[in-house]
Amino acid sequence: MALNGIVNGTEYLLYIGTSTVVFGTAASFSVEMDTKDISARETYNWKKILPTTRKWSMEFEGKLAYRLIDGSTPTGYTFDEIITEFYTGQNKNFIMIKSLQANAITWGGFAYLSSASVEGPNEDNSTFNLSFTGTNELLQA
């Protein structure tokens, strides 16, 4: 079901399995479809294409923190846990981008971590960026 009005970006979280990725500041989701050129003389110089493979990805940005201000460990996936499980272990897992609104559509599927980075600017908050590339089909959950 669609949400009424403009959706606030803070409504979206990235989930790995049933746990959120913590300290998030931005999440994005994209789908693409490759095409194959089938132009020929008979198309009179007009390009003609057919759809081929489809792919999807999800990106995430968050503040880099290993513990909460009170020293406790946060509930959910931290940057270190993601690196250990997805990069070092080269594991795929079910991920989804989900709104906090109960009636919003959720998209997800199995994915691999395709890139991860940490930025540590001088006198500013450190952040991390994650990119996941889907394997197999995208599902509406």
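This is a dialogue on reading a predicted model of one protein chain.

Student: Where do I start with the fold, and which pattern does the protein chain follow along the sequence?

Tutor: Start with the order of the elements. Here the pattern is β-β-β-β-α-β-β-β-β, made up of one helix and eight strands.

Student: What share of the residues is buried, and what does the accessible surface come to?

Tutor: Buried residues make up 26% of the 141. The accessible surface is about 9,600 Å², with 51% of that belonging to carbon and sulfur atoms. As for contacts, take those with a separation of 6 or more: 63% of them join residues 24 or more positions apart.

Student: How do I read a nonpolar core, and which residues have the most contacts inside the largest one?

Tutor: In soluble globular proteins, nonpolar side chains tend to be buried together. In this model the largest nonpolar core has 17 residues, and Ile16, Val21, Ile82, Ile95, Leu130 and Phe132 have the most contacts inside it. At least two residues of this core come from each of β1 (12-16), β4 (49-63), α1 (79-88), β5 (93-99), β6 (107-119) and β7 (127-134).

Student: How do I read the helix, and which residues of α1 are buried?

Tutor: Look at where the buried positions fall around the axis. In α1, Phe79, Ile82 and Phe86 are buried. They cover an arc of only 60 degrees around the axis, so they lie on the same side of α1. The face turned away from that buried side carries the exposed residues Thr84 and Thr88.

Student: What do the buried residues of α1 pack against, and what follows just after the helix?

Tutor: They pack against β1, β5, β6 and β7. Just after α1, glutamine 90 takes a positive phi of about 50 degrees.

Student: Now strand pairing. In which sense do β4 and β7 pair, and over how many bridges?

Tutor: β4 and β7 pair in the antiparallel sense over seven bridges. Phenylalanine 60 stands opposite leucine 130 of β7, and serine 57 stands opposite threonine 133 of β7. β7 also pairs with β6, again antiparallel, over eight bridges; there, valine 118 stands opposite phenylalanine 128.

Student: Is β7 mostly covered or uncovered?

Tutor: β7 is mostly covered, with six of its eight residues buried.

Student: What joins β3 to β4?

Tutor: The two strands run antiparallel and are joined by 12 bridges, with β3 covering residues 24-37.

Student: How do I read an individual position on a strand? Is lysine 55 buried, partly exposed or exposed?

Tutor: In a regular strand the side chains alternate between the two faces of the sheet. Each position is then judged by its own accessible area. Lysine 55 has a relative accessible area of 40%, so it counts as partly exposed. Beyond four places in sequence, lysine 55 is in contact with Ser30, Val31, Glu32 and Asp34. Its C-alpha atom is 25 Å from that of valine 7, 48 residues apart along the chain.

Student: What about a loop position: where does threonine 106 lie?

Tutor: Threonine 106 lies in the loop between β5 and β6. Its relative accessible area is 8%, which means that threonine 106 is buried. Among the residues that threonine 106 touches are Met96, Ile97, Lys98 and Leu139.

Note on methods. Residues are numbered from 1 along each chain as its sequence is written. This is a predicted model: local features need pLDDT of at least 70, side-chain atom pairs count only at pLDDT 80 or more; totals for chains, interfaces and linings use all residues. Side-chain values use heavy atoms; hydrogens and water are left out. A nonpolar core is a set of buried Ala, Val, Leu, Ile, Met, Phe, Trp, Tyr and Cys residues joined through side-chain atoms within 4.5 Å. Buried means under 20% relative accessible area, exposed over 50%, partly exposed in between (1.4 Å probe, protein chains only). Helices (H or I, at least four residues) and strands (E, at least two) are DSSP runs, numbered from the N terminus. Contact means heavy atoms within 4.5 Å. Two strands pair if DSSP finds at least two bridges between them. The arc is that of the directions from the helix axis to the C-beta atoms. Accessible areas come from the Shrake-Rupley method with a 1.4 Å probe; for residues, only the protein chains shown count as cover.
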